[in-house]
Amino acid sequence: MEQVVNDIWANPQLLQRKENQDIVLSIVDSLDKGLLRVAEPQGEIWIVNEWIKKAILLYFRMKQMEKIEIGPFEYYDKIPLKKNFEKQGIRVVPPAVARYGSFLSKGVVMMPSYVNIGAYVGEETMVDTWATVGSCAQIGRSVHLSGGVGIGGVLEPLQAQPVIVEDNCFIGSRCIVVEGVHLHKGVVLGANVVLTQSTKIIDVTASNPIEYKGEVPENSVVIPGSYKRQYPAGEYSVSCALIIGKRKESTDRKTSLNETLREFNVSI
């Protein structure tokens, strides 16, 4: 399938062949069922499957705009919506929307929220009210995306890593995580943390600060912060993120989370 997709990408005329269209449809169906992923872990490294991103973009080219009616609601789009949530063991609260080609694992709860094509959401994860999971974002198991969280999506450039949120993370309300930022296991983000590839993520728990960009180490507790920067017009505060502690290892992740929130007085 990878070779066929790459051939079509190099020569778009090949998409007119039914057998090639069937392959693109099969890839998107496999994404919808969780059999394929846009990005996947190989040991400590995450690999981006660029050819699957290409297949999604080819799928957009193939599909035509059509009216979608669900009860009193009407939509007009190229991509259908996911179905059969009861059979898959997924709770979806109206008017939550998950696009076909995204994958929701058993036990996922979607409050009124949105999950885009190519995204992967792991078991027992909560996607809370008005949270969005962008295209191709990879969300682990037992993650909590609080109200209004924005997880960015990416289809192009093809080599760009999507946002990765590993298992047992807690993302506080109104946080924004975009541009392929990687949250390792157990990370806790307090309310209103904004993370991009250019955001300074500063560990202030020791006598000397340690600076990260684009990733947050395992079990880190993070809050919004700022630092001073000199401009021609004067000195101004620039937003950053501060690692103020570590979440304790615990077999009971919920107890560990509650203790962490209390210990560091983190707003969520």
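This is a predicted model: local features need pLDDT of at least 70, side-chain atom pairs count only at pLDDT 80 or more; totals for chains, interfaces and linings use all residues.

Me: In what order do the ten strands of the open sheet follow one another, and which strands stand at its edges?

Reply: The ten strands form an open sheet with mixed pairing, in the order E5-E8-E11-E14-E17-E20-E25-E26-E22-E23. A strand at the edge has a single partner strand, so one side of it is left without a neighbour in the sheet. The strands for which this holds are E5 (91-92) and E23 (210-212).

Me: In which sense do strands E22 and E23 pair, and which residue in E23 is the bridge partner of Asp-203?

Reply: Strand E22, which covers residues 201-203, pairs with E23 over three bridges, and the sense of this pairing is antiparallel. The bridge partner of Asp-203 in E23 is Ile-210.

Me: Which residues of strand E2 lie on its covered face?

Reply: Strand E2, made of residues 45-48, has an uncovered face with Ile-45 and Ile-47. Its covered face has Trp-46 and Val-48.

Me: Which residues have the most contacts inside the largest nonpolar core?

Reply: In soluble globular proteins, nonpolar side chains tend to be buried together. Here the largest nonpolar core has 36 residues, and apart from it lies another core of 23 residues, including Leu-14 and Tyr-100. Leaving aside residues up to four places away in sequence, Leu-183 touches Ile-164, Cys-169 and Val-216, among others. The residues with the most contacts inside the largest core are Leu-183 and Leu-189.

Me: Is Phe-73 buried, partly exposed or exposed?

Reply: Phe-73 is found in strand E4 (residues 73-77), and together with Ile-70 and Tyr-75 it makes a nonpolar surface patch of about 270 Å². Buried means under 20% relative accessible area and exposed means over 50%. Because its relative accessibility is 45%, Phe-73 counts as partly exposed.

Me: How far apart in space are Ser-26 and Val-188, C-alpha to C-alpha?

Reply: Ser-26 is found in helix H2 (residues 18-32), and Ser-26 and Val-188 are 162 residues apart in sequence. In space, C-alpha to C-alpha, the distance between Ser-26 and Val-188 is 37 Å.

How values were computed: Residues are numbered from 1 along each chain as its sequence is written. Side-chain values use heavy atoms; hydrogens and water are left out. A nonpolar core is a set of buried Ala, Val, Leu, Ile, Met, Phe, Trp, Tyr and Cys residues joined through side-chain atoms within 4.5 Å. Buried means under 20% relative accessible area, exposed over 50%, partly exposed in between (1.4 Å probe, protein chains only). Contact means heavy atoms within 4.5 Å. Patches are made of residues with over 30% relative accessible area and no salt bridge: like charges are joined within 9 Å, nonpolar side chains (Val, Leu, Ile, Met, Phe, Trp, Tyr) within 5 Å. Accessible areas come from the Shrake-Rupley method with a 1.4 Å probe; for residues, only the protein chains shown count as cover. A salt bridge is a side-chain nitrogen of Lys or Arg within 4 Å of a carboxyl oxygen of Asp or Glu. Helices (H or I, at least four residues) and strands (E, at least two) are DSSP runs, numbered from the N terminus. Two strands pair if DSSP finds at least two bridges between them.
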